[in-house]
Amino acid sequence: MKPLKILIVEDETITAMDLQETLQEAGHVVTAIARTFQDAVKAVKNDPPDLALIDIHLEGSSANGIETAKKLLEIHHMPIMYLTANSEPETFQSAKETLPVAYLLKPFRHDELKIQVELAYHYYQYTLAKTTTIPVSDYLYFPVDKGHEKIDPNDVLYIQADGSYVEIFLVNKKTYYISMNLSHLAQYFPTPNFYRLSRSLLINLNYLERLEPSHLYLVNHESAIPIPAASRKELMNKLRVVRTKRAPSS
């Protein structure tokens with residue numbers, strides 16, 4: 001099996017280090033150890049993992065492991081494994097809402113964890129292959145007026161979320177307004193030129209015309225688009241920015 005990138009969400013330091021050592025012994029890579037909801041969200045955005053191993057009880061976190069998993073799945077599709085000391089039926093039923101690939105009870109056994117990780121990821125990939133059809137066209141077909149209209153993804157300038165709807169802006173200034181979640185729609189734009197600038201905005205970097213400290217401008221779009229402070233560094237890293245050298249001090 002190929003090495004997996006695994007995120008550990010665990011508030012107990014000793015347990016987290018034990019998990020990391022066990023996973024690394026199996027040849028996997030731990031992308032991060034997150035103690036709280038905020039840490040986990042940041043870790044997934046910085047380095048999307050192949051699988052997340054999440055403790056349900058997170059001391060000092062604004063959300064428990066199940067709520068954290070729901071948020072992480074909005075950002076990045078991946079299999080979820082729960083590792084918890086809580087075996088209460090109510091907790092288990094709540095965890096099932098996130099469709100986890102495994103639910104392991106503490107204290108965990110090292111050999112069992114290694115096996116369960118491999119089995120869980122294999123099952124996830126098998127299920128994904130069974131439910132995903134291979135597209136025969138590079139075009140997308142959006143639901144429009146009780147039918148579906150063909151759109152070339154390369155013509156999409158940007159997509160903006162508006163509540164439970166998204167507005168799709170094309171280079172030719174044509175727009176579409178459809179009922180859909182942006183996180184769901186974003187999976188149809190997997191190429192590197194489409195960048196999630198914020199929770200409500202997906203932009204096509206091929207049409208980035210001008211970049212300013214706090215705003216950017218897209219081709220055929222007069223209004224400036226604000227750049228969230230948390231996204232600026234990542235955005236700059238995705239662009240081939242020519243940087244000037246500082247003049248030597250006299």
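Figure 1. Of the contacts in the protein with a separation of 6 or more, 53% are between residues 24 or more positions apart; contact means heavy atoms within 4.5 Å. This is a predicted model, in which local features need pLDDT of at least 70 and side-chain atom pairs count only at pLDDT 80 or more, while totals for chains, interfaces and linings use all residues. Residues are numbered from 1 along each chain as its sequence is written, and side-chain values use heavy atoms, with hydrogens and water left out. The protein contains 7 helices and 15 strands; helices (H or I, at least four residues) and strands (E, at least two) are DSSP runs, numbered from the N terminus. Along the principal axes, the C-alpha atoms fill a box of roughly 70 × 60 × 35 Å.

Figure 2. Of the 250 residues, 39% count as buried. Here buried means under 20% relative accessible area, exposed over 50%, and partly exposed in between (1.4 Å probe, protein chains only). The protein exposes about 15,400 Å², of which carbon and sulfur atoms supply 51%; accessible areas come from the Shrake-Rupley method with a 1.4 Å probe, and for residues only the protein chains shown count as cover. There are 26 positive and 30 negative side chains, with the centres of the two sets 8 Å apart. Lys and Arg count as positive and Asp and Glu as negative, whereas His and the chain ends are not counted. The place of each charge is taken as NZ of Lys, CZ of Arg, CG of Asp or CD of Glu.

**Figure 3. The open sheet formed by β13, β14 and β15.** This sheet of 3 strands has the order β13-β14-β15, and its pairing is antiparallel. Two strands pair if DSSP finds at least two bridges between them. The edge strands, β13 (208–211) and β15 (225–226), each pair on one side only. Between β13 and β14 (residues 215–218), the antiparallel pairing extends over 3 bridges. L208 stands opposite L218 of β14. In the loop between β14 and β15 lies N220, whose phi is near 60 degrees, a positive value in a residue other than glycine. N220 is partly exposed, with a relative accessible area of 44%.

Figure 4. Helix α7 spans residues 229–237 and includes A229. S231, L235 and M236 of this helix are buried. Seen down the axis of α7, the buried residues fall within an arc of 135 degrees, so they line one face of the helix; the arc is that of the directions from the helix axis to the C-beta atoms. The buried residues of α7 pack against β11 (194–198), β13 and β14. On the other side of the helix, A230, K233 and N237 are exposed. A229 is likewise exposed, at a relative accessible area of 77%. The C-alpha atoms of A229 and P213 are 9.4 Å apart in space, and the two residues are 16 apart in sequence.

Figure 5. F142 lies in strand β6 and is buried, with a relative accessible area of 4%. Not counting residues up to four places away in sequence, F142 touches G147, H148, E149, I151, I168, I178, L185 and F189. D152 is 10 residues from F142 along the chain, and their C-alpha atoms are separated by 10 Å.

Figure 6. Most residues other than glycine have a negative phi, and most peptide bonds are trans. K146 occupies the loop between β6 (140–144) and β7 (147–151). Its phi is near 65 degrees, a positive value in a residue other than glycine. At 92% relative accessibility, K146 counts as exposed. The peptide bond from K106 to P107 is cis, with omega near -5 degrees. P107 lies in the loop between β5 (102–105) and α5 (110–131).

**Figure 7. Q20 in helix α1.** Q20 belongs to helix α1 (residues 13–25). With a relative accessibility of 18%, Q20 counts as buried. Neighbours within four places in sequence aside, Q20 is in contact with I8, V30 and I33.
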